[in-house]
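Subject: Structure handover

Hi,

Here is the structure I promised to pass on. Please have it open while you read; my notes follow below.

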Amino acid sequence: MNETSQGVVAGYLQQQMLIAMPSMSDPNFSRSVTLMCQHNEEGAIGITINRLSSFTLGDILKQLDIECEHEEISAMRVLDGGPVSPDHGFVVHPPEEGFESSIRINDDIMVTTSRDILAAIATGNGPEQFLVALGYAGWGNGQLELEMRENAWLAVPADSALLFDSPLKNRWAKAVSNLGVDIDNLSGVGGHA
């Protein structure tokens, strides 16, 4: 069992999405939903999946010298995945083999960071469902665990329907409803038994 220096089991947030509590004051994460990609003794990495960036997929493809003649693909908005490394791209999609650099989040969700998936998307041969995000949310060793204890976040299982079928503006409320509680009744102050 992997434990952090704070005695918390590392990896317990794998296959989860973090929901920012209403009391979250950080403007980068207020009312955000973040898909967790990695959580171990070194820290955590996630991709925020409900904030638009100022870029379109066409902007990204042009920057990478990838031709795209599909206007609907070029016009797609890219998400702001988080404040860390905003020049790094991530494609969230249902599992599909054959891309160079992918990690499986769960049975329904995969994240790919290689150029080949963008080339496939540009030709209309990529995954049927996908989100493209620039940047990610990152936490150092123990930082996210501390934020969890301070009730900044709630965790729910990663949900492909929320990712691919819910409109962007509804993702936070949908993630909250997956908890089965009225978030307005939750306190922003944590307690310890």
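Where is the place of Lys62? Lys62 sits in helix α1. One caveat before going further: this is a predicted model.

Lys62 has a relative accessible area of 67%. The cut-off for exposed is over 50%, so Lys62 counts as exposed. Ser74 is twelve residues away from Lys62 in sequence. In space, the two C-alpha atoms are 9.3 Å apart.

The cores

The largest nonpolar core has 24 residues. Six of them touch the most other members: Leu35, Ile47, Ile49, Val92, Val111 and Leu163. Which elements give two or more residues to this core? They are the strands β1 (16–20), β2 (33–40), β6 (84–93) and β9 (131–140), together with the helices α5 (160–165) and α6 (171–177). Nonpolar side chains tend to be buried together in soluble globular proteins.

Take Ile49 as a way in. Leaving aside residues up to four places away in sequence, Ile49 touches Val33, Leu35, Leu79 and Leu131, and also Leu162, Leu163, Leu168 and Arg171.

There is also a second, separate core, with 17 residues. Phe99, Ile117, Ala122 and Val132 are among them.

Helix α3

α3 (115–122) is worth a look. Its buried residues are Ile117, Leu118, Ala120, Ile121 and Ala122. What do the buried residues of α3 pack against? They pack against α1, α2 (71–74), β6, β8 (110–112) and β9. An α-helix has 3.6 residues a turn, so residues three or four places apart point the same way. Gly124 follows α3, with a positive phi near 85 degrees.

The largest pocket has a volume of about 340 Å³. Its lining is made of 20 residues. Closest to the centre are Ile60, Leu64, Asp87, Gly89 and Leu134. Which element supplies the largest share of the lining? That is β6, with five residues. At least two residues each come from β4 (52–56), α1 (57–63), β6, α3 and β9. By class, the lining has ten nonpolar, six polar and four charged residues.

The second largest pocket has a volume of about 150 Å³. Residues lining this pocket include Cys37, Gln38, Ile45, Ile47, Phe90 and Ser101. Ser102, Ile103, Val111, Thr113 and Tyr136 also line it. β2, β3 (43–48) and β7 (102–104) each supply at least two lining residues. The lining has seven nonpolar and four polar residues, and no charged ones.

The salt bridge

How many salt bridges does the count come to? One. The side chains of Glu97 and Arg104 meet there, at 3.3 Å from N to O. Glu97 has 61% relative accessibility, so it counts as exposed. Arg104 has 45%, so it counts as partly exposed.

Ser166

Ser166 lies in the loop between α5 and α6. Is Ser166 buried or exposed? Its relative accessible area is 12%. The cut-off for buried is under 20%, so Ser166 is buried. Ser166 touches Ala161, Arg171 and Lys174, not counting residues up to four places away in sequence. Arg171 is also on the contact list of Ile49.

Positive phi

Two residues other than glycine deserve a check of the backbone.

- Ser85 has a positive phi near 45 degrees. Ser85 lies in strand β6. At 24% relative accessibility, Ser85 counts as partly exposed.
- Asn151 has a positive phi of about 60 degrees, although it is not a glycine. Asn151 lies in the loop between α4 (143–149) and β10 (153–157). With a relative accessible area of 23%, Asn151 is partly exposed.

That is the set of notes. Over to you.

Best wishes

Key: Residues numbered from 1 in each chain as written. Predicted model: local features only at pLDDT ≥ 70, side-chain atom pairs only at ≥ 80, totals over all residues. Heavy atoms only, no water. Core = buried A, V, L, I, M, F, W, Y, C linked by side-chain atoms within 4.5 Å. Buried < 20%, exposed > 50% of the residue type's maximum accessible area, 1.4 Å probe, protein only. Helix = DSSP H or I, 4+ residues; strand = E, 2+ residues; numbered from the N terminus. Contact = heavy atoms within 4.5 Å. 1 Å grid on protein atoms, 1.4 Å probe; cavity = no way out; pocket = protein on both sides within 12 Å on 5 of 7 lines; lining within 4 Å. Points joined across faces, edges and corners; volume = space filled by probe spheres on them. Nonpolar A, V, L, I, M, F, W, Y, C, P; charged D, E, K, R; others polar. Salt bridge = Lys/Arg side-chain N within 4 Å of Asp/Glu carboxyl O.
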